[in-house]
Amino acid sequence: QTELPGVPCPTQGMEAHGVAYRIGRSMFETETLPAHLAAHHAGLDEVWVPSEFGLRQFAEAGVPHDKLRILPQAINTSVFDPAAVTAPRTIKQYGAVLVLGPGS
């Protein structure tokens, strides 16, 4: 099967919009990266992953090691300060919208 879960980012066809350098920020939290995603990421100029695990996983799947960079997950400590939390928070408190699916 070639269409496994995972939406390649950046999307195909970006060159038509004048994109000169393509960076993908990605993670796939399993032992192996599906071949179609490895092939897509190998075609990017850089691939940013959040951890050493991700770097090894993408490299073992065939993404050239020189394209891989570790960029850890960032946390806004003014919002996510455990000492400041007095009650559960909801996504509505932040005016955020969650969008899922192709095109998101």
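1. Surface. The accessible surface of the chain in this predicted model comes to about 7,600 Å². Carbon and sulfur atoms account for 60% of that area. On the burial side, 21% of the 104 residues of the chain count as buried.

2. Fold outline. The chain has two helices and three strands. Along the sequence these elements follow the pattern β-α-β-α-β. As for contacts between residues at least 6 apart in sequence, 40% of them join residues at least 24 apart.

3. Helix α2. This helix spans residues 52-60, and its buried residues are Gly54, Leu55, Gln57 and Phe58. These residues lie on the same side of α2, because the arc they cover around the axis is only 165°. The partners against which the buried residues of α2 pack are helix α1, strand β2 (46-49) and strand β3 (68-70).

4. After α2. Gly62 follows this helix. The phi of Gly62 is positive, near 115°.

5. His41, position and burial. His41 belongs to helix α1, which runs over residues 35-42. Is His41 buried or exposed? His41 counts as buried because its relative accessibility is 3%, and the cut-off for that class is under 20%.

6. His41, surroundings. Leaving aside residues up to four places away in sequence, His41 touches Ser26, Val47, Phe58 and Val63.

7. Which side chain forms a polar contact with that of His41? The partner is Ser26, and the contact is 3.2 Å. For Arg25, the C-alpha atom is separated from that of His41 by 9.5 Å, the two residues being 16 apart along the chain.

8. Points to check on the display.

Technical notes. Residues are numbered from 1 along each chain as its sequence is written. This is a predicted model: local features need pLDDT of at least 70, side-chain atom pairs count only at pLDDT 80 or more; totals for chains, interfaces and linings use all residues. Side-chain values use heavy atoms; hydrogens and water are left out. Helices (H or I, at least four residues) and strands (E, at least two) are DSSP runs, numbered from the N terminus. Buried means under 20% relative accessible area, exposed over 50%, partly exposed in between (1.4 Å probe, protein chains only). Contact means heavy atoms within 4.5 Å. A polar contact is a pair of N or O atoms within 3.5 Å; within protein, one must be able to donate a hydrogen and the other to accept it, and residues adjacent in sequence count only if both atoms are side-chain atoms. Accessible areas come from the Shrake-Rupley method with a 1.4 Å probe; for residues, only the protein chains shown count as cover. The arc is that of the directions from the helix axis to the C-beta atoms.
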